[in-house]
Amino acid sequence: MARRITFMKAINEALDQAMEQDERVILLGEDIAGGADVKHLADKNEDAWGGVFGVTKGLMPKYGRERVIDTPISEMGYMGAAVGAAATGLRPVSELMFNDFIGFCLDTILAQGSKMRYMFGGKAKIPLTVRTCHGAGASAAAQHSGSYYGILGSIPGVKVVVPATPYDAKGLLLAAIKDDNLVIFSEDKTLYGLKDEVPQAAYEVEIGKAKIKRSGTDLTIVTIGKMLYVGLETAEKLAKDGIETEVIDLLTVAPWDQETVLNSVKKTGRLIIIDEANPHNNTATDIASVVSDQVFDYLDGPVKCVCAPNTPVPFATNLEQLYLPNSQRVMETAAELIADLKN
Amino acid sequence: MKELDVKQTAWIYKKMNDIRNFEDQVHQIFTTGSIPGFVHLYAGEESVAVGVCAHLTDKDYITSTHRGHGHCIAKGCDLAGMMAEIYGKETGLCKGKGGSMHIADIDKGMLGANGMVGGGFPIAVGAGLRNKYLKTADVVVCFFGDGAANEGTFHESVNMAAIWKLPVIFVNENNSFAEATPQWYASGSKTIAERAAAYGIPGETVDGKDLTAVYKAAGKAIDRARRGKGPMILECRTYRNYGHFEGDEQKYKALDGKEKKYADQDCIKDFRKYAIANKLLTVEQADQIAATSKADIAAAVKFAENSPIPRPETLYDNVFAD
């Protein structure tokens, strides 16, 4: 039987293999090792945390504190330093503990890292990977649960990937670190424990390419991150009524794979996009806009977006569950679109 | 540290003249409308950029500010390429895609002027981290204004450079005004340099109008950083001849108050006197350098004016590296 590892282990393994392959790869972040300059840990070459979720556990003992660098709580400072290190030839992977902290350091991405190459007439390369996590469902409340991959993906010069499976997490992260551009790798914190088959050897998953996870001819559901599982659950339910759903895992939010999505919509004529981000100006609305513009004549109904509501993420468990898009909501949305098929 | 010798003096005097002439030309041309956007001129502060960069090689990095032309020239950026960039021409250093506030030449170690006040601090720290990681003896100079000293990036970046002992010299150009707001109003500390104590690193304030003072202090700081002794803050008290940007009426300048000492000094004339008195330049050599500089800037303007605007298709170039 093939090896099964968690989403978190897949990310850890990608970092490990990238560091093994290329000495220019360094990691920066808050407590990505933990316990810097603590003698009893240093004596045993141990990290204290390995990241707040343990994603980078074991990398400091293997590669040392020169390459796995615990930073002060200074997001602006170390994220900007990662841009500077990338501009001068290293290939840093910096960790923003929660994507909600982007407010502290957005300048480094919005005005610096994403624009240097363009502003400098092509002279700069910014091979920087920013790892961060998003997502509701962990009772982490409004300042630790948002989903901002769409906002970040709307910045020219930034690539954003959102893996949904351990396999794609490993392959996309290795591809991100090899990429000569600023790539934001956004992990759903509620997927860290998810196990699946992942090859041991290093491999890359192409950035900018979506994956068709289930083929169908009646309805297309495009999903981002863990919404893949909502999409697959819905497709399963619809199949019982004889509705064949095509489920596309977008994987890359910026630049998203127009070819795969548009071809699918041409075939099915119906589209639902499930995006956990807040509903306005997110990836779903962008896809809806492009689909309406490019393949309007193929559509048999309106393009539907199933997103989080336009609220911050609530704390109470019942409210948080209401906040998250779920299969019931997608089923209700699908019912409108497929009414003609049932008659 | 390298003492000022004849060769170094000629280089310095040429660069100072280049900056002054470049900026005076841009000032004049700007009124004609040939230069799009807005420009922030460095004239008056020449001794800081030149006195510091005199100690650097192409392998050393600098980060700059929105008032970056002087840093670019001192770090060796091509004058014609710079002028063409400011004109928004395809022959510009950044192919007309950056303009005055984003002139950069990474091959020369110039990591970019920066439109974000305080934007250069963390980038300089990153370059310093790179130098330390690769075990080079190269240094990074982070030029910043008195306004930037009040940005949060100052604190985070100086602290990180301090704890990691990075080869980064934070060179403050305290020209008395952050836009239209005086430094003495906007800073809780009297000087920027005294803040260094809070980070456990040295800080020093020098007369930034005096080339020899900047040259000496910067030489020591850079030597120290090359020897792995870590960062420091070097505050250079100076003054800008023009406004914050072109078109600024400069109503905030008093010229008879605390600023007078700096406003009245012309660092280029003073350095010329010093060089001649110390037999580092003859009058003829100095005149020759000044004339060459004027001709070089005139040639740069001509090049910029005769250069083509960017081809439309270049709009899409270089968003990403392939």
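Start by selecting the contact between the two chains: 40 residues come from chain B and 42 residues from chain A. Keep in mind as you go that this is a predicted model. Between chain B and chain A, about 3,300 Å² is buried, and carbon and sulfur atoms give 66% of that area. Now highlight B:Tyr133, B:Glu156 and B:Phe320, which supply 21% of the area that chain B buries against chain A, more than any other three residues.

Next, show side chains across this interface, where there are two salt bridges to find. Zoom in on B:Asp105 and A:Lys123: they form a salt bridge whose closest N and O atoms are 3.4 Å apart. Polar contacts between chain B and chain A come to 15 residue pairs, both partners at pLDDT 80 or more. Colour helix H5 (120-133) and helix H6 (152-163) of chain B, the elements that each give two or more residues to the side touching chain A. H5(B) gives the largest share, eight residues.

Select the contact between them, and you will pick up 29 residues of domain 1 and 25 residues of domain 2. About 2,000 Å² is buried here, with carbon and sulfur atoms giving 56%. On the domain 1 side, A:Ala136, A:Ser139 and A:Tyr149 lose the most area to domain 2, together 24% of what that side buries.

For a last stop, centre on A:Lys211 and A:Asp168, a salt bridge with its closest N and O atoms 2.4 Å apart.

Definitions and conventions. Residues numbered from 1 in each chain as written. Chains lettered and ligands numbered in written order. Predicted model: local features only at pLDDT ≥ 70, side-chain atom pairs only at ≥ 80, totals over all residues. Heavy atoms only, no water. Contact = heavy atoms within 4.5 Å. Buried area = accessible area lost by both parts, 1.4 Å probe. Salt bridge = Lys/Arg side-chain N within 4 Å of Asp/Glu carboxyl O. Polar contact = N/O pair within 3.5 Å; in protein donor to acceptor, adjacent residues only side chain to side chain. Helix = DSSP H or I, 4+ residues; strand = E, 2+ residues; numbered from the N terminus.
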